[in-house]
Amino acid sequence: MTLTNASTPATAREAAAETLRKFTEHSPEYLQHVANGTIKLPTDRHAFAVLGAFQREPEAVGRDLLLVGYDDLDCAAWTTPPLTSVRQPFDELGRISVRLAIDAIYSRPARSEKVQPQLVVRETA
């Protein structure tokens, strides 16, 4: 999939619209939520692509458009503007995965565990 950047369309908003169109055309499930000027994407990498479409007017993100990614990758804090993201507790997920794998090895009853993600608010929302 080729994503459009702001140097091709006339405005950053057109570039973002084109980027989002390509996401939904390629895999509709990529775009989880778009409502009232808020876009929640399934990963920070998807959000970076939308941010890239706004490179000519980055101030519009956080003002005209709210953008939220998921994963809270280290580089999310260094984008322009910094990306709001949902942080997954990867260390805790790893510990739980090991416990569940050991339980499976010893034929212990299956169980599920929940973890609590954390919203890291930065300038895009």
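What percentage of the 125 residues in the chain do buried residues make up? Buried residues account for 36% of them; buried means under 20% relative accessible area, exposed means over 50%, and partly exposed lies in between (1.4 Å probe, protein chains only). This is a predicted model, in which local features need pLDDT of at least 70 and side-chain atom pairs count only at pLDDT 80 or more, while totals for chains, interfaces and linings use all residues. Residues are numbered from 1 along each chain as its sequence is written, and side-chain values use heavy atoms, with hydrogens and water left out.

**Whole chain.** Start with a cartoon view. The chain has 3 helices and 5 strands, in the order α-β-β-α-β-β-α-β from the N terminus. Helices (H or I, at least four residues) and strands (E, at least two) are DSSP runs, numbered from the N terminus. Contacts here are heavy atoms within 4.5 Å; of those between residues at least 6 apart in sequence, 60% join residues at least 24 apart. Switch to a surface view: the accessible surface is about 7,700 Å², and carbon and sulfur atoms hold 54% of it. Such areas come from the Shrake-Rupley method with a 1.4 Å probe, and for residues only the protein chains shown count as cover.

Strand 2 (residues 38-40) runs parallel to strand 3 (residues 66-71), joined by 3 bridges. Two strands pair if DSSP finds at least two bridges between them. Isoleucine 39 has leucine 67 in strand 3 as its bridge partner. Strand 3 also pairs with strand 4 (residues 84-87), again in the parallel sense, over 4 bridges. There, tyrosine 70 stands opposite valine 86.

Next select residues 44-53. Helix 2 is mostly covered, with 7 of its 10 residues buried; among them are His46, Val50 and Leu51. Now show Val50 together with Leu67. In the largest nonpolar core, which has 13 residues, these two touch the most other members. Helix 2 gives the most to this core, with 3 residues. A nonpolar core is a set of buried Ala, Val, Leu, Ile, Met, Phe, Trp, Tyr and Cys residues joined through side-chain atoms within 4.5 Å.

**Salt bridges.** A salt bridge is a side-chain nitrogen of Lys or Arg within 4 Å of a carboxyl oxygen of Asp or Glu. By this rule the count is 6. Select arginine 122 and aspartate 72: their closest N and O atoms are 2.8 Å apart. Arginine 122 is in the segment after strand 5 (118-120) and aspartate 72 in the loop between strand 3 and strand 4, 50 residues apart. Both arginine 122 and aspartate 72 are buried.

Move to glutamate 113, which forms a salt bridge with arginine 99 at 2.9 Å between the closest N and O atoms. Glutamate 113 lies in the loop between helix 3 and strand 5, and arginine 99 in helix 3. Glutamate 113 also meets arginine 111 in a salt bridge (2.2 Å, N to O). Salt bridges that share partners join Arg99, Asp103, Arg108, Arg111 and Glu113 into one network.

**Last stop.** Why does isoleucine 105 count as exposed? Isoleucine 105 counts as exposed because its relative accessible area is 65%. Isoleucine 105 is in helix 3 (residues 90-105).
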